[in-house]
Amino acid sequence: MLKKTQCILALSICIMALQAQQEQVPQTVQNRPPQWDPRSTEWYYPVPEKVVPGQGVKPPSDAIILFDGTDLSKWESANRNNPGAAAEWEVRNGELRVVPGKGTIRTKDYFGDCQLHIEFKSPAPGSHNGQDRGNSGIMLQSRYEIQVLDGDNNPTYVNGMVGSVYKQSAPLVNAYTRNGEWQIYDIYWRAPRFGTGGELESPAMVTVVLNGVVVQNNYILKGSTPYTGLPSYTPHGRMPLTLQDHGTEVAFRNIWIRNL
Ligand code: MG
């Protein structure tokens with residue numbers, strides 16, 4: 001009888017010791033999930049499409065070529081007096097040149113999220129300075145301007161200089177090279193999202209690379225980029241890409257875009 005009591009007592013002591021030990025185990029270890037099979041966090045489909053990267057100035061294989069140096073077939077006029085008419089800019093020596101007074105042009109296609117490559121060259125400055133020197137613009141979705149301007153020793157308001165999101169965000173640095181040289185923009189655009197009632201669900205965001213240098217790093221836009229007044233959003237869907245006629249003979253080349 002004594003032996004039985006001793007056994008029960010010993011067992012109770014063991015259980016109490018085990019409980020005490022468990023209480024000493026850190027909470028984080030107790031909550032650790034069961035051991036994972038590493039394969040459970042790997043996936044194989046859908047397989048990303050094979051794309052041949054561009055080499056030098058060549059576009060990648062899946063890009064939509066908006067201007068290859070030959071014609072304006074992908075473009076039309078955005079001139080408010082004659083929208084949708086033939087674009088009247090000049091194609092010469094593989095370049096697309098603004099013809100001052102002929103108005104802004106736009107793509108016939110509509111775009112949302114995209115990767116855009118575009119090269120531009122400012123004309124000789126003459127006596128022009130500031131916003132009058134080599135001004136054009138790349139209007140994403142027809143309303144959000146990435147500034148095109150001569151950035152070679154050309155002081156102006158910094159949120160309107162080359163590399164700026166016009167009147168919203170000055171570039172992180174001035175990566176323009178020299179007047180007369182081709183400048184290369186690579187732009188990564190996330191379109192704004194609007195709800196069914198037209199309310200803004202998420203704003204637009206842009207990363208801009210000028211000549212291989214990041215000048216806008218995931219900048220979140222406050223809205224459109226007006227010359228006068230404050231930015232604001234109005235609901236829209238996919239829209240054309242627009243190039244601005246600001247009265248100077250800026251040249252463009254090698255324009256391609258990828259839908260994202
Ligand atoms: Mg402009």
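Colleague: Which residue stands opposite I255 in β15?

Modeller: That is F67, which stands opposite I255 in β15; please keep in mind while we talk that this is a predicted model. The strand that pairs there is β1, residues 64-67, which runs antiparallel to β15 and is joined to it by 3 bridges.

Colleague: And which residue stands opposite F252 in β15?

Modeller: L96 stands opposite F252, and the pairing in that case is between strand β4, residues 95-97, and β15, which run antiparallel and are joined by 2 bridges. F252 is also the bridge partner of F120, and here the strand concerned is β6, residues 114-121, which pairs with β15 in the antiparallel sense over 7 bridges. Another facing pair is H117 and W256, the latter in β15.

Colleague: Is β15 mostly covered or mostly open?

Modeller: Strand β15, which spans residues 251-259, is mostly covered, with 7 of its 9 residues buried.

Colleague: What about β6, how many of its residues are buried?

Modeller: In β6, 8 of its 8 residues are buried. C114, L116, I118 and F120 point one way from the strand, while Q115, H117, E119 and K121 point the other way, and all of them are buried. In a regular strand the side chains alternate between the two faces of the sheet.

Colleague: Which other strand is joined to β6 by 7 bridges, running antiparallel?

Modeller: That is β9, which runs antiparallel to β6 and is joined to it by 7 bridges; within β9, Y188 is the bridge partner of Q115.

Colleague: Switching to the inside, which residues touch the most other members of the largest nonpolar core?

Modeller: Y185 and F252 do, in a core of 43 residues. Several strands each supply at least two residues of this core, among them β1, β7, β13 and β15, and the largest share, 4 residues, comes from β6. In soluble globular proteins, nonpolar side chains tend to be buried together.

Colleague: Now the metal: which protein atoms are the donors of the magnesium ion?

Modeller: The donors are N135 through OD1, S136 through O, E145 through OE, Q147 through OE1 and Q244 through OE1, and they lie 2.2 to 2.4 Å from the ion. Along the chain these donors follow the spacing N-S-x8-E-x1-Q-x96-Q.

Colleague: Are N135 and S136 buried or exposed?

Modeller: N135 is buried, with a relative accessible area of 1%, and S136 is buried as well, at 0%. Both count as buried because the cut-off is under 20% relative accessible area.

Colleague: What is the bridge partner of S136 in β8?

Modeller: It is V148 in β8, and the two strands involved are β7, residues 136-140, and β8, which pair in the antiparallel sense over 5 bridges.

Colleague: In what order do the strands of the open sheet with β7 and β8 come?

Modeller: The order is β2-β5-β14-β7-β8, an open sheet of 5 strands with antiparallel pairing. β2, residues 75-77, and β8 stand at the edges, and each has a single partner strand, so one side of each is left without a neighbour in the sheet.

How values were computed
Residues numbered from 1 in each chain as written. Predicted model: local features only at pLDDT ≥ 70, side-chain atom pairs only at ≥ 80, totals over all residues. Heavy atoms only, no water. Donors = N, O, S within 2.8 Å, 3.2 Å for Na, K, Ca; no water. Buried < 20%, exposed > 50% of the residue type's maximum accessible area, 1.4 Å probe, protein only. Pairing = 2+ DSSP bridges. Core = buried A, V, L, I, M, F, W, Y, C linked by side-chain atoms within 4.5 Å.
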